[in-house]
Amino acid sequence: MNKQKNNFFEKLYMILVYVFLYAPIVVLIVYSFNYSRIFGSWGGFSLRWYERLFTHRQILRSVRTTFIVAISATFISTIIGTLASVGIMEYKKKTRRLLLSLNDLPVLNPDIVIAISLMVLFGILQIPKGYATLILSHIAFTIPYVILSVLPKLKMMDKNLIDAALDLGATPLQAMRMVVIPEIKSGIFAGAMMAFTLSLDDFVISFFNVSPGINTISTTVYSMTKRGIEPTINALSAIMFTVVLILLIAANINQFRTRKEK
């Protein structure tokens, strides 16, 4: 009887947690189809804000900038993070622990500290704010997350595989490409998705390291708060959430099929 009660309360607790997490998103999606501009006032079903979204130049420019920066930062940080992870695994235990502690610092530090540090660095180096500083700053703060995603897969990998590949005549580059990467590809993919999501979501680092003429989605939304956020943002958020959900479902289906084949 007690076990049944415990199971009931555990399930109820999980349901409440998911309701708390996803209720705001559901409300946002519902109100993206609201004809009225006023939040909390239902004016009837309409695709008005979706139509406006695809003609809103400021938002479309910010979306383009956001995805250009996110894709560029993800690609570069994934390569650097993967190579750094392989290098870290080659060090002795004490040195590896020191390097991992240094890697954890950007993760544990508040975004504002990293943002201001990068802004000061770019100022000292006399690099003008623009796309370059924006992409470089996103690369800098996403690399540690890639390393944290790739390292567990490297630890699980049998080190004898690399030695066997080298003994059979493979060059270090061939061993990396044909042995290491296939073994840790799930970690690389997870790190890339983490980097992409963080870059897409970032506000603080972008705000301090970009020129006034360049805006990402987050900085555009921030500028709109001064004069009132348009419901067009609801439509954009609903589309982004749906796309991410579809990608997540597709990734899980692909992972399930891979496990089934094995």
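Modeller: The patch of negative charge on the surface brings together Asp158, Asp163, Asp167 and Glu183. Patches are built from residues with over 30% relative accessible area and no salt bridge, with like charges joined within 9 Å and nonpolar side chains (Val, Leu, Ile, Met, Phe, Trp, Tyr) within 5 Å. A salt bridge is a side-chain nitrogen of Lys or Arg within 4 Å of a carboxyl oxygen of Asp or Glu. Asp and Glu count as negative, Lys and Arg as positive, while His and the chain ends are not counted. A charge is placed at CG of Asp, CD of Glu, NZ of Lys or CZ of Arg. Areas come from the Shrake-Rupley method with a 1.4 Å probe, and for residues only the protein chains shown count as cover.

This is a predicted model, where local features need pLDDT of at least 70 and side-chain atom pairs pLDDT 80 or more, while totals for chains, interfaces and linings use all residues. Residues are numbered from 1 along each chain as its sequence is written, and side-chain values use heavy atoms, without hydrogens and water.

Asp167 is exposed, at 68% relative accessible area; exposed means over 50%, buried under 20%, and partly exposed in between (1.4 Å probe, protein chains only). Lys159 sits in the loop between α6 (131–156) and α7. Lys159 is partly exposed, at 49%, and its C-alpha atom is 9.3 Å from that of Val180, 21 residues away along the chain.

At the other end of α6, the loop between α5 (111–124) and α6 holds Gln126. Gln126 has a positive phi of about 60 degrees without being a glycine. Most residues other than glycine have a negative phi. Gln126 is exposed, with 69% relative accessibility.

A nonpolar surface patch of about 1,200 Å² also occurs, its members including Tyr13, Phe20, Val26, Trp42 and Leu47. Val26 lies in helix α1, residues 2–31, and is partly exposed at 49%.

As for the whole protein, there are eleven helices and zero strands. Of its 262 residues, 32% count as buried, and the C-alpha atoms fill a box of roughly 70 × 70 × 35 Å along the principal axes.

Key: Helices (H or I, at least four residues) and strands (E, at least two) are DSSP runs, numbered from the N terminus.
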